[in-house]
Amino acid sequence: MGKQMNVKKTVFTAVMWILALMMLYPFIMMIAISFRPSGQAYQPLFSPGIIHTLRNYNQVLGHPNFLDWYRNTVVTVVVTIMIRLVITLLAAYAFSRLRFKGKGVILAFLVATMMVPGETTMVPRYLYFREIGILNTLWSIVLPEASEVFYLILLIEFFRSIPGDFTEAATIDGAGHPTILLRIFIPLSGPAIATTVLFSFINIWNNYLDPYLFINNIETQLITPALQFFQEQGGANMPVQMAGSSLALIPVIILFVFTQKYFVQGVASSGIKG
Amino acid sequence: MRRLFLTAALAALAAASLFAMGGGETSAASEYDKIVTTTVTATYLNETWFNTMNADFEKETGIHVVVQPVPGDEDEYKAKINIDLMGGSDVDVVETLGPKDYSRQVSAGFFMPLNDAVEAVGIDPYALYGANLPVEDDGNYYALPFKQEMYCVFYNKKIFDEAGVPYPQGPWTWDEYVETAQKLTDKSKGIYGSFMNADLPWMYMPAQQLAVPFYKEDGSCNFDDPVFAEYAEWFKHISNDLGIQPSVSELEAENANWNYYALEGYRLAMFPQGNWFTRLLNSQEDYPKDWDYGVAPLPSAGEGGNNNLVSLGYVAINKNAAHPEEALTYALWIAENQWKYEGGIPAFSTMSEEDQQLAFGSIAEASHGQVTVDDLYQNLINTGLGSVSSDIVGTAAAEYYNIVKEELSSYNMDLQDLDTAISKIVSRVNEAIANAE
Amino acid sequence: MKKQSIHGGEARIGYILIAPFLIMFAVFKLYPMLYGIAVGFWDRNSEMKLMDTTFVGFDNYLAVLRNASFWEAFGHSVVYSVIYIAFLMAAGFIVAVLLNRKFTGRTAVRTCFYIPYVTNMIAVGIVFKYLLNPSRGPVNAIFRLFGADGPGWLSSPVMALPTAAVIAGWAALAFNVITCLAALQDIPTDMYEVADIEGAGFWQKIRYIVLPYLTPTLFMLLTITLINSFRNYTAIAGLTGGGPGTSSKVVSLLIYDDAFNFMKFSIASAEGVIFTLFIIIVNRLFTKARSVWESR
């Protein structure tokens, strides 16, 4: 019995590891391509005659604006996430815990606007941002990103899952809404806030279309569209772009490693189970 | 305590971030007395000649060039400059590749007419550029042509040597081209005798050489001209039946940059391309290859089709330019000099001996003996061929282009027959034309 | 009387708390959307009329509804979304359940499953085009081992759309997995203990503990996945470019082409509005279905 269990467990572990490697394959391929000359970009992973070179990394790191792009991206991500967290937490608390007229209608309306694909508003946004003078600044990315309905819904759903007895006890103690939000909801929402930060980070970090449209100066550009500056005759310089992508991924992966630990341990101890 | 520290650190980071947001004003703007801004494809940005050229311009005129490249390839560049110009961008100088896009930008009213300014500096553009000067119906020209791109056939000498087939020589016809390609094709060695992009104008190239008009006299779509059908069928025949070149389905399967096919994916004996391709063929570092290339002229499409395909690059000035005077200086300078740096062909109506040496000398040198200045001149310019535009130029040209490409691709992949493809092209294009008017 | 005043105070605080979000939203999101709708009623359909504000009524909307290319793209979008949602919901749940079990190196394996989510879509596209190449890719080599000709995947008009949908789902998997995992970890361990005592097997635990517990999470994920499934521009543009022919051209590609390649902004806006209306209707139906299910 025990032995059989062991075999089963080993097989399961092996299968999971194989699946994991399959998931990782494109990433490995990306790293591999980043060390090749562009003429060999499309060769298989292990094929004879591949030349390995550090030129691509030299080209990316040696670009006079590379540090600008990196800094711009970090600044944009940090500022956006902060504004987003503050306004979204406040609104999510109101929508999940307070009764006021028009709540359902407003929320339904916000949800409905989530369906509008970004492609349809590209031109109006461009003209409008130009009018109010934020075109070609990082604000043109930060301000529109700040109020993202998706994260509002995420936090509302999370707040709704917090048992009512918590707040009832606090209300009886005479705590006001700011206190309840600050002392009870936010400390309990660790996982939801971590999720928000993590996904915000990835989405803004990998956002291509908006900075591509709204930023013209090469030194104001963000990293993801900026990688597209590495072109050669006939199309993208694949290996250099892969080298840039690998460098751009470092902070995202670091964040992943940290929040994953948080998910494993943090969720269990957060007290949501009640 | 830890929490307090964390909060303080976050607050500091936030303050620093907000401080760093600042304005979007170019830092370069304040450092120079005179500047000119130009928007170009990102391809230029990575080429040393472009930076050398701008440095020389600054040395000569004292005007600093601020480059605003567009991230992405040439298609993205074309889309993005339109968005910027229509949003009222105040960039000064715009480079446009291909008459199709240039004519749309002119009709959108993006550019300044240059007649007075150019003639004021004592240039006679009509004599200098001849038919290449883009004079509009209103008698104005809104750009100067700064380069032209000629088509030719590049070939792999090694494959010819191995097969014992003599190198191709002009003048020749498409029948001879196909015959040669058949001799060279050897699937067992992965060799294709020919390669043509799954794109326009390759899908009906001889029809374009025959200068069959894309529009009827009344302005409607003329793709139902039997010559288009004939050569669309021919393209499919030599790909799918004769198998001398990868079929459209095969190319769609990889959907890669076609540089890849020419230089890595297959062994290709011959491929009709624009002259700019020499830069890839010469780049041993990016595209290591163990064979030498040669150049032959584009085959003739027979009587009336004795033409080469030509595309032009234009330099224009934005009508909202922030520095119109500097813009004019730069545009004139580019029109006169860019081709020398880029290693391209100027758009002058005639090329002097000296011009030839300037245009092709650097290419020949970079090829390390694979081609000579004379090879290039004889096979690109002095071919005895006339010239026709490689683009569709006219109403709704961009849609025309896309529709033809979509429908002919489907035809080549056996998703529909030729008659259906042509009739769909005609009705869709006519709809687009009606919409545009 | 007193109750009412508390109520009034609650409402006031409610409005104050939602105000920052709503203001940001109205200024930076809603206004451009309304502007976009307005463009649909104007005649900005060629490069000559980019700033035109002539009111043309429903002309653009009618033109879109009569356009066969729009309905073709519409159909493609729906097929894409159905496959994307089905794949992502099923795979996200299954992977989360698997990753929730204990085994050696679980943390590392989890990280591997999250990596595609952060990997550049260009890289994903290149690798999959290589893997799925009909004649030279390793996937079809496996088919040939068994004497079968594999499908053309991204190059076949029938398979291109489903293949692209699954690859896009694969790239987005981490979000669903993480969300499901977080919910799975909320399940009180004593529930499992009780189940173990009662001798319940793996499938019974899934059926009677995991699924009921995860229903709210799955519903939320379904809504999000539904919405994301229509934001498919990057994936389709990178994998198939809408081809072969037009066989995988979805509405977002059509809108982009019409607006930025053909400068038909009014038509493009009208397409966007019509398609958005469709999405809203689908979502309403879905919300109805959810409330029926929950009140069951």
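Guide: The radius of gyration is taken over C-alpha atoms, and the globule rule is 2.2 Å times the number of residues to the power 0.38. The model is predicted: local features need pLDDT of at least 70 and side-chain atom pairs count only at pLDDT 80 or more, while totals for chains, interfaces and linings use all residues. Residues are numbered from 1 along each chain as its sequence is written, with chains lettered from A and ligands numbered from 1 in the order in which they are written.

Visitor: What radius of gyration does chain A have?
Guide: The C-alpha trace of chain A spans about 75 × 75 × 30 Å along its principal axes. For 274 residues, a compact globule would come near 19 Å, but the value for chain A is 24 Å.

Visitor: What percentage of the residues of chain A count as buried?
Guide: Chain A comprises 13 helices and two strands, where helices (H or I, at least four residues) and strands (E, at least two) are DSSP runs numbered from the N terminus. A residue is buried if 20 or more other C-beta atoms, placed from the backbone, lie within 10 Å of its own, exposed if 12 or fewer, and partly exposed in between. Among the 274 residues of chain A, the buried share is 49%.

Visitor: Is A:E145 buried or exposed?
Guide: A:E145 belongs to helix 6 (residues 139-146) of chain A. Beyond its neighbours within four places in sequence, A:E145 is in contact (C-beta atoms, placed from the backbone, within 7 Å) with A:T80, A:R84 and A:I204. Because A:E145 has 23 C-beta neighbours inside 10 Å, it counts as buried.

Visitor: How many residues does helix 1 of chain C give to the side that touches chain A?
Guide: The contact draws 68 residues from chain C and 67 residues from chain A. Elements giving two or more residues to the chain C side include helix 1 (2-40), helix 7 (160-184), helix 9 (202-229) and helix 12 (265-294) of chain C. The largest share comes from helix 1 of chain C, with 20 residues.

Visitor: How many residues of the side of chain C that touches chain A are nonpolar?
Guide: Ala, Val, Leu, Ile, Met, Phe, Trp, Tyr, Cys and Pro count as nonpolar, Asp, Glu, Lys and Arg as charged, and the others, Gly among them, as polar. On the side of chain C that touches chain A, 15 residues are polar and five are charged, while the nonpolar residues number 48.

Visitor: Which helix of chain B gives the most to the side that touches chain C?
Guide: This contact takes 22 residues from chain B and 23 residues from chain C. Helices of chain B that supply at least two residues each include helix 5 (74-86), helix 6 (99-107), helix 13 (248-254) and helix 20 (418-436). The greatest contribution, five residues, is made by helix 19 of chain B.

Visitor: How far apart are the centres of domain 1 and domain 2 of chain B?
Guide: Domain bounds come from an automatic or database domain assignment. Chain B is divided into domain 1 (32-149 + 310-364) and domain 2 (151-309 + 380-436). Taken over C-alpha atoms, the centres of the two domains are separated by 28 Å.

Visitor: Which element gives the most to the side of domain 1 of chain B that touches domain 2 of chain B?
Guide: The contact takes 12 residues from domain 1 of chain B and 18 residues from domain 2 of chain B. On the domain 1 side, strand 8 (307-317) of chain B is one of the elements that supply at least two residues. The most, four residues, comes from helix 6 of chain B.

Visitor: What is omega for the cis peptide bond that joins B:L200 and B:P201?
Guide: Most peptide bonds are trans. B:P201 lies in the loop between strand 5 (191-194) and helix 11 (205-209) of chain B. The bond from B:L200 to B:P201 is cis, with omega of about 5°.

Visitor: Is B:A396 buried or exposed?
Guide: B:A396 is not a glycine, yet has a positive phi of about 50°. Its place is in the loop between strand 9 (386-389) and helix 19 of chain B. Because 27 other C-beta atoms lie within 10 Å, B:A396 is buried.

Methods: Two residues are in contact if their C-beta atoms, placed from the backbone, lie within 7 Å.
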